[in-house]
Amino acid sequence: MEAKDAAKRPVTFVFNGGPITASLWLHLGVMGPKRVAVPDDLKADPATFTLVDNPYSPLDATDLVFIDPASTGFSRVAEGVDPKSYFSVKADGQEVTAFIQAWLAQHHREGSPVYLLGESYGTMRAAEVAGQLAELPKPIPLAGVLLMGQAVNIIEYVQRPQNIMSYVVSLPTLAAIAWYHQRVDRHGLSLEAFVDEARRYAQSDYMPALYQGGALPVADRDRVAQRLQELTGIPAAYYRDHALRISKEQYRGELLKDQGLLLGRADARYAAPITDKGIGPDPFAAAVMPAFSRLFKDYLHTDLKVDRAQPYVEIAEVQGLDDWGWGYASPFANWAYSDRLLKAMKANPKMQLLIGNGYYDTQTTVGAAELLVRQGGWPEGRVRLTFYEGGHMAYTDEGAARKLGTDIRAFVHPAP
C-alpha cells in the first residue's frame, strides 16, 4: 500500500482475556510476524517448540496494535493509582477506549477503518469497548469486531443442573471431542458432519427431553441415553443415572477414564494422567503455555530489541473472578454484552461481527457461539460464525492458524 493511503489502511486493536492478561498469546499465536510452531504431536516436549516466521499473519491486510492493559505487559498505572481501580468491566473498558482514542489521534489514523479483536474475556472487553466508543461525544464508529473464543454469553459456561440450555449447546462440543478421540463410531463422517448430527439432535430431541425432566417416560429416557452414548462416547448407563446430563468438567474426566487420562479444558485434544486429586491442571495449559512464555521473552530481546529492566507481566494480580468488578454479583449474571455490540452496530450500519470458536474448547463452546448469534438480537446479515479444528486457542493448530488468518483478511477487506 502506498504511503499516501496509510491513513486509510485498516487498523486492528488486539487483546487477550483473563481477566486480565497481556496480549502475547494472540501476538505469537497467530497475529504477529512470528508464531509459536506447536507440533502436530500433542505429546511433544514444550522445550522443543520453536518460533517461526508466520505466513498466516494478517499484517499484509491491516495494521496491528496489541494492547496490554494496565498491570500487564510493560503497562503500569500512574504513581499513586491503585491498580485494582482498573479491575472491572467498566473501568477496564474505559482504559482501552481511551487508549484507542489516543492512538488514533497520535498517529493521525482517524480516517482508518477500526477493528477490535478480543479473545476469551477479551470478547467481553470488545463488547464493552465497542459500546463505549459509540457513546463518546465524538463517536468512533467501528468497521468490525472479531470475537475469538467468545464469552459474551458466559452465563452458559457454568452448567447448573437446572440450566438445561447449557447442556443442549454443549453437546456438539462433546461430540467433536468423542470424534477426535475415536470413542464413537464415526460412520465415515467428517468432524463437521458428525458435529452437525449432534447439533440437530440437541435441538430436536435432547432439549425437549431435558425440559420434561422427571416426567420423561422411562422408554424415552433410555432411547435418549443410548443416542447420547453414540454421540459422546459416554455409556448410556451414565446418562440414565445422571438425569441425561454430563457437565463439561465431568466429561473431561470420564471419556478416557479407562486409560487413566484427563482431557484438556482449553483444548480437549490434549490429555494427561489423572492425578490422585482427580480433576487436575489443564493438560493443554501445561503442554503449551510455558513455551509461549519462554519464546516471547526471547522474541522481545532478539527480534524486537526490547531491553527493559522491568519485567513483562503476563497475568495481572487478579485474585480470581471474585476479584473483578462485574457490575453484578458475579460474571455469570445476565450481563448484556450483546446489547453493547448492538449499540456499536447502530452507530455504524456497516459494522460487521466475526465470531470464531474451536471445536475442542470446553470453556467457550461452538454451541454457545451459535446460541449467541441466534439470540444476540443483531441485524441480519452482519454476523459471520466460523469454527476451527482446535481449542480455546485454536490457532495453536497450524491448519486453524492458516484459516483464521484467511478469515481475518477477508473480514477487514470484504469483497465489494
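Let's start at helix 9, which contributes the most to the lining of the largest pocket, giving 3 residues. Keep in mind as you look around that this is a predicted model.

So what is this pocket like? Its volume comes to about 800 Å³, and 31 residues line it. If you want to find the middle, look for G18, P19, S120, Q363 and H392, the lining residues nearest its centre. Besides helix 9 (283-302), helix 3 (121-135) is an element that gives two or more residues to this lining. As for the kinds of residues here, you'll find 19 nonpolar, 9 polar and 3 charged.

Now move on to the second largest pocket, which holds about 560 Å³ of space. Here the lining is made of 28 residues, and S23, V65, F66, I67 and D68 are the ones nearest the centre. Helix 9 turns up again, supplying at least two lining residues, as do helix 1 (24-31), strand 4 (63-66) and helix 2 (89-106). Sorted by class, this lining has 21 nonpolar residues, 4 polar and 3 charged.

Where does helix 4 bend? Look at S170, where the angle is about 35°, with a proline, P172, following within four residues. Helix 4 is mostly covered, too: 15 of its 17 residues are buried. After helix 4 comes Q182, with a positive phi near 55°.

Terms used
Residues numbered from 1 in each chain as written. Predicted model: local features only at pLDDT ≥ 70, side-chain atom pairs only at ≥ 80, totals over all residues. Heavy atoms only, no water. 1 Å grid on protein atoms, 1.4 Å probe; cavity = no way out; pocket = protein on both sides within 12 Å on 5 of 7 lines; lining within 4 Å. Points joined across faces, edges and corners; volume = space filled by probe spheres on them. Nonpolar A, V, L, I, M, F, W, Y, C, P; charged D, E, K, R; others polar. Bend = angle between axes of the 7 residues up to and from the residue. Buried < 20%, exposed > 50% of the residue type's maximum accessible area, 1.4 Å probe, protein only.
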